[in-house]
Amino acid sequence: MADHQARSGGDERPSGIPAIRWEEPPEGPVLVLLDQTRLPVEEVELVCTDAPALVEAIRSLAVRGAPLLGIAGAYGVALAAARGFDVPEAARSIEEARPTAVNLSVGVRRARAAYEAELAGSGDPAAAAVAALAAARTLHRQDAEASARMAAHGLALLDELVPGGGHRILTHCNTGALVSGGEGTALAVALAAHRAGRLRRLWVDETRPLLQGARLTAYEAARNGMAYTLLTDNAAGSLFAAGEVDAVLIGADRIAADGSVANKVGSYPLAVLARHHGVPFIVVAPLTTIDPDTPDGASIEVEQRPGFEVTEVMAPQAQVTGPGGGIPVAPLGTQAYNPAFDVTPPELVTAIVTEEGAVTPVSSETLAGVCERAREAAIG
């Protein structure tokens, strides 16, 4: 079960927003999430005490973003174990909450493997719960470390591709601290450029239909004092035509073995525009987002979201009259096409920046190489 707790005084929250945390009050452990559906109007925390509450938070996008979903999935398994619920059942339900983001299953499987290994060895469910929590915390820490390394590698690549500083970066959806154990993926690179005095302008796609760019990226950019401008998604073409974009930086929810990138719908058109205008198109994602078991883009399952997200505007604290809980913007009964993601082929991707460095050109061979080097480094 879950409940919301309003937090007043939003400006008191540090720029490193705690999107997720584990707490152990007297009544039992809980997973606390910053409810991203309520931003930027108010900062409200969602307290989850069981796996079904977390599953609902994931499906409703209260918690979202590939790396953070992996962390949440791991903590969800630990929560089920600590509270004495059926761990395999909880793990399955969490893993199936959203199909496209591979990090979710990675996090769930890591925590479940730690739980089952300890249980098999000691036969002690309490010790197994501790092991699951340790695995979740390790993943959380590793993601924060990966975020910092991606920011450094990404800024170095930007300086190489667009020398002289004064970077004008176009981004899509939200890829900052709200999706990460650290400062994010693509937005972390832009933030590094900002701190180094080399960010001239952050162009923020609003990201229809749920406006994660307008509601979340602009929120993070403002909190960090970045120079940013919001634009409607369909204005990006004119921005490229005017020569106002030096690079496109996006995140990823799943990267296939051949380098095809699934990301928030609207990313693929940006890649096409970037190629036409000779602008680098850079994907920033941790190695956990690379899925060697998915051979190519056609094999990526793309989540289809409810039509009311398109036919209604979802506005926090606004008066609602539509069947989906939003403000209707289309005639009643209108059908909507609403894929959550689209897939960009590797030939349109200039580079994929991971914590182990930039992969370019993007191909099955170069991706396999960086994954193998990371495995060897972990063993060594």
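**Exercise 1.** Decide whether Arg208 in this predicted model is buried, partly exposed or exposed.

Solution. Arg208 has a relative accessible area of 46%. Buried means under 20% and exposed means over 50%, with partly exposed in between. Arg208 is therefore partly exposed.

Leaving aside neighbours within four places in sequence, Arg208 is in contact with Thr232, Asp233 and Val265.

**Exercise 2.** Classify the ring pair formed by Trp22 and Tyr75.

Solution. A pair of aromatic rings is described by the distance of the centres and the angle of the planes. For Trp22 and Tyr75 the centres are 5.9 Å apart and the planes are at 25 degrees. Centres within 6.5 Å make a pair, and planes under 30 degrees apart count as stacked. The pair is therefore stacked.

Then locate the two residues. Trp22 lies in strand β2 (residues 20-23) and Tyr75 in helix α2 (residues 66-82), so the pair ties together parts that are 53 residues apart in sequence. Both Trp22 and Tyr75 are buried.

**Exercise 3.** Describe how helix α1 (residues 51-59) packs with helix α3 (residues 87-95).

Solution. The helices α1 and α3 pack at an angle of about 5 degrees, and their axes are 9 Å apart. Angles under 35 degrees count as roughly parallel, so α1 is roughly parallel to α3.

Now list the residues that meet: Ala51, Leu54, Val55 and Ile58 from α1, and Ala90, Ser93 and Ile94 from α3. By class, this contact has six nonpolar residues, one polar residue and no charged residues.

Notes
Residues are numbered from 1 along each chain as its sequence is written. This is a predicted model: local features need pLDDT of at least 70, side-chain atom pairs count only at pLDDT 80 or more; totals for chains, interfaces and linings use all residues. Side-chain values use heavy atoms; hydrogens and water are left out. Axes are lines fitted to C-alpha atoms, for helices over the stretch in contact, and angles run from 0 to 180 degrees between N-to-C directions. Helices (H or I, at least four residues) and strands (E, at least two) are DSSP runs, numbered from the N terminus. Angles under 35 degrees count as roughly parallel, over 145 as roughly antiparallel, 65 to 115 as roughly perpendicular and the rest as oblique. Contact means heavy atoms within 4.5 Å. Ala, Val, Leu, Ile, Met, Phe, Trp, Tyr, Cys and Pro count as nonpolar, Asp, Glu, Lys and Arg as charged, and the others, Gly among them, as polar. Rings of Phe, Tyr and Trp (its six-membered ring) pair if their centres lie within 6.5 Å; planes under 30 degrees apart count as stacked, over 60 as edge-to-face and the rest as tilted. Buried means under 20% relative accessible area, exposed over 50%, partly exposed in between (1.4 Å probe, protein chains only).
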